[in-house]
Amino acid sequence: MPATRSKIEDNFQRILEDVSAACARARRSPKGVGIIAVTKAAGMEEIRHLIDIGLTDLGESHVQQLLVRAEEVEAHLTRRRRPTEGGVRWHMVGHLQRNKVKAVLPVVDVIHSVDSLRLAEEINTRAERAARRTSMLLQVNCSEEPQKSGCAVGAASHLAEMICTLKHVRLLGLMTMAPLVEDAEQARPAFVRLRELFEEMRNEKIGGEAFRHLSMGMSQDYRVAVEEGATMLRIGTALLS
Ligand SMILES: *Cc1c(COP(=O)(O)O)cnc(C)c1O
């Protein structure tokens, strides 16, 4: 059963309260934490509710589904839009194949899952042809599970440096997926690792002004991720169930 608007609103309120509490524990401002609503398991009606309650950063993990949803959302907004209202921003959070870059580039705002130089170069080439600059995050496999995507921790700094030489991409920061565990505390080491890696890179002057984001934390572990410095949470289930 799709979640009703009031259910989604309640979920969103609870998440905001949790984020505030986690920020207070970590002595940070909640203003520094953005929420991306991951819509991969949502229906169109739920997506409309998300947008209506102000969640306009939307995430998908498959290119084809992102393209379909982006078109549906655009049609919905065109019907509804008042002149002052903005649109939505689409985040590609799942693994991206190089042969899909061309298709997704015109609609995507941030690609969270860049994990190789070849992929970054393909995005750069396509962005150049479209006369734009594409924002991305470098995905790091902090838990070092062999089946996980993301570059190795040891390769991240060099890769970030190389990406920063590309003129048509903008490196916003780092992304990781914690292992799926029962207890959110078990996800903490992966988040700590990403934050430390990020701080090392900043100390080495890797990345420019824009390099200030940590995309980490999902439904199970976002409170811990906020305590460890997350600036972008990617949340699906906790909003929609
Ligand atoms: C599905 C997904 C999420 C959201 O997961 P939930 O557990 O539903 O919050 C976040 N990030 C990525 C990369 C995903 O694929």
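How many nonpolar, polar and charged residues does the lining of the largest pocket have? By class, this lining has 11 nonpolar, 10 polar and four charged residues, with Ala, Val, Leu, Ile, Met, Phe, Trp, Tyr, Cys and Pro taken as nonpolar, Asp, Glu, Lys and Arg as charged, and the others, Gly among them, as polar. The model is predicted, and local features need pLDDT of at least 70, side-chain atom pairs count only at pLDDT 80 or more, and totals for chains, interfaces and linings use all residues. Residues are numbered from 1 along each chain as its sequence is written, and side-chain values use heavy atoms, with hydrogens and water left out.

Now for the ligand. Around it sit Val38, Lys40, Ser61, Val93, Met177, Met218, Ser219, Arg234, Ile235, Gly236 and Thr237, each with a heavy atom within 4 Å of the molecule. This shell splits into five nonpolar, four polar and two charged residues.

The side chain of Arg234 places an N or O atom 2.9 Å from a ligand nitrogen. A polar backbone atom of Gly236 is 2.8 Å from an oxygen atom of the ligand, and an N or O atom in the Thr237 side chain lies 2.5 Å from a ligand oxygen. Overall, the protein covers 88% of the 390 Å² of accessible area that the ligand has on its own (Shrake-Rupley method, 1.4 Å probe).

Terms used: Polar contact = N/O pair within 3.5 Å; in protein donor to acceptor, adjacent residues only side chain to side chain.
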